[in-house]
Amino acid sequence: MVTRLRHVAVMQFALVAAVVYALIGVILGLVWWLVLGPIIIAGMKATAGGTAGMGALTGIGFLAIIVFPICYGIIGFIGGLLYAALYNLAAGWTGGIEMTFEQVPVATV
């Protein structure tokens, strides 16, 4: 069965994109806090020989877990909003993307 995607619900697509990007932000925030932060601190200790500002840097690393998902969620929402709106415009001109679906039986548990 061949179907054609002619329209995308813009707000729904934007919300899904926001959630996906926020999840990416959580992952990147955790990586920053757990991996990159300690590497940066170790490098600063090795080169500067002091510990000035280390607590602040550690706090910023923890803050990344909160800030990254919010920022990425906002970026994902705006990007998804624009993408879906532009897709709808282009699909009106070109007819949309053709997709082939196959019906499969539902597995019983």
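Author: Here is a short tour, from the overall layout down to single pairs of residues.

Reader: Is this predicted or experimental, and what are the ground rules?

Author: This is a predicted model, where local features need pLDDT of at least 70, side-chain atom pairs count only at pLDDT 80 or more, and totals for chains, interfaces and linings use all residues. Residues are numbered from 1 along each chain as its sequence is written, and side-chain values use heavy atoms, with hydrogens and water left out.

Reader: OK, what does the chain average in pLDDT?

Author: The average is 83, and 78% of the residues score at least 70. pLDDT is the predictor's confidence in each residue, from 0 to 100. Where pLDDT is low, the predicted coordinates should not be read in detail.

Reader: Which pattern does the chain follow along the sequence?

Author: The pattern is β-α-α-β, with 2 helices and 2 strands. These are DSSP runs numbered from the N terminus: helices are H or I with at least four residues, strands are E with at least two. Helix 1 covers residues 10-48, and helix 2 covers residues 54-94.

Reader: What share of the residues is buried?

Author: Buried residues are 19% of the 109 in the chain. Buried means under 20% relative accessible area, exposed means over 50%, and partly exposed is in between (1.4 Å probe, protein chains only).

Reader: What is isoleucine 97 in contact with, neighbours within four places aside?

Author: Isoleucine 97 is in contact with Thr3, Arg4, Leu5 and Tyr87 (contact means heavy atoms within 4.5 Å).

Reader: Now the helices. How many aromatic pairs turn up?

Author: The search finds 2 aromatic pairs. Rings of Phe, Tyr and Trp (its six-membered ring) pair if their centres lie within 6.5 Å; planes under 30 degrees apart are stacked, over 60 edge-to-face, and the rest tilted. Phenylalanine 13 and tyrosine 83 are stacked, because their ring centres are 5.7 Å apart and their planes are at 25°. Phenylalanine 13 is in helix 1 and tyrosine 83 in helix 2, so this pair ties together parts 70 residues apart in sequence.

Reader: What about the other one?

Author: Phenylalanine 68 and tyrosine 72 form a tilted pair, 6.4 Å centre to centre with 45° between the planes. They are 4 residues apart in helix 2, so about one helical turn separates them.

Reader: Last one: where does valine 10 lie, and what is it in contact with?

Author: Valine 10 lies in helix 1. Beyond its neighbours within four places, valine 10 is in contact with Leu81, Ala84, Ala85 and Asn88. Asparagine 88 counts as buried because its relative accessibility is 16%.
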